[in-house]
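Let's take a walk through the inside of this protein. Keep the viewer open and follow along.

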Amino acid sequence: MNKQDLTTYSISCYANNSQCKHINDCIHQHVAKLRNQDAINNKIELTVSPSYLAHVQKEGECEYYNSKEELLFAKGMTHIFDKVPMAIYPQIRKAVISVFESKRVFFYYRNGERLLHPTQQAEIINIFNNYKIAPPTFDEYIKSIDWDKA
C-alpha cells in the first residue's frame, strides 16, 4: 500500500507496542506511518482515540483491527451463468442475486464496478456446488486490502 491508496476515510492508529498486540500487522498503523511522511498535507484525519487505546489495553481486543494482508478480490462476473442449464437457471440466478443487497447491487458486482470479497466468492461457488455445477470463473482477480472492514 502506498500514499496514493489512502482516502480521507482511511483510519490512522498511533498506538505503541504496549497498547496493542496487533501493531505490526494492522492496516491502521500502516496508514499512520504513511500519513506521517506527509504531515503537512494531512490537516484532518480519522484516528483511533487515545482513550479507546487505553480501553483496548485493559479489555484486550480492538474492534478496529484489520490486517494489512492483501486478499484476492474478484472483479466482474459477466459469464457467471454461461454453463448453467436452462432448467435450473432461474433458481441459481435468484440464489446468486440473494448474496447481494439487491438486484441493482448484483449488477454493480457483475459488471465489475465493485470488487467481490472472498467470502462473497465462496458463497457464490457454494451455490453452484449445491446444484452440482462447475464453479463459475470470475472475469479478473485483484489483490487488495479489505478497506470495507477497515
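This is a predicted model: local features need pLDDT of at least 70, side-chain atom pairs count only at pLDDT 80 or more; totals for chains, interfaces and linings use all residues.

## Around Met77

Leaving aside neighbours within four places in sequence, Met77 is in contact with Phe100, Phe106, Tyr109, Arg110, Leu116, Ile124, Phe138 and Asp139.

Met77 also belongs to the largest nonpolar core, which has 19 residues. Along with Val96, Phe100, Ile124 and Phe128, Met77 touches the most other members. Helices α3 (89-97), α4 (103-110) and α5 (118-130) each give two or more residues to this core. There's a second, separate core too: nine residues, including Ile11, Cys13, Ala15 and Cys62.

## Ala74 on its strand

Now hop over to alanine 74, which sits in strand β1 (residues 71-75). Why does Ala74 count as buried? Its relative accessible area is 0%, and the cut-off for buried is under 20%.

Beyond four places in sequence, Ala74 is in contact with Arg114, Leu115, Leu116, Gln121, Phe138, Glu140 and Tyr141. Isoleucine 142 is 68 residues away along the chain, yet its C-alpha atom is 6.2 Å from that of Ala74.

## Rings paired up

The whole structure holds six aromatic pairs. One of them joins Phe100 and Phe106, with 5.9 Å centre to centre and 50° between the planes, a tilted pair. Both of these phenylalanines are buried.

Phe138 and Tyr141 pair as well: their ring centres are 6.1 Å apart and their planes are at 90°, so this pair is edge-to-face. Phe138 is buried at 7% relative accessibility, while Tyr141 is partly exposed at 43%.

Ring pairs also link Phe81, Tyr89, Phe100, Phe106, Phe107 and Tyr109 into a cluster.

Conventions
Residues are numbered from 1 along each chain as its sequence is written. Side-chain values use heavy atoms; hydrogens and water are left out. A nonpolar core is a set of buried Ala, Val, Leu, Ile, Met, Phe, Trp, Tyr and Cys residues joined through side-chain atoms within 4.5 Å. Buried means under 20% relative accessible area, exposed over 50%, partly exposed in between (1.4 Å probe, protein chains only). Helices (H or I, at least four residues) and strands (E, at least two) are DSSP runs, numbered from the N terminus. Contact means heavy atoms within 4.5 Å. Rings of Phe, Tyr and Trp (its six-membered ring) pair if their centres lie within 6.5 Å; planes under 30 degrees apart count as stacked, over 60 as edge-to-face and the rest as tilted.
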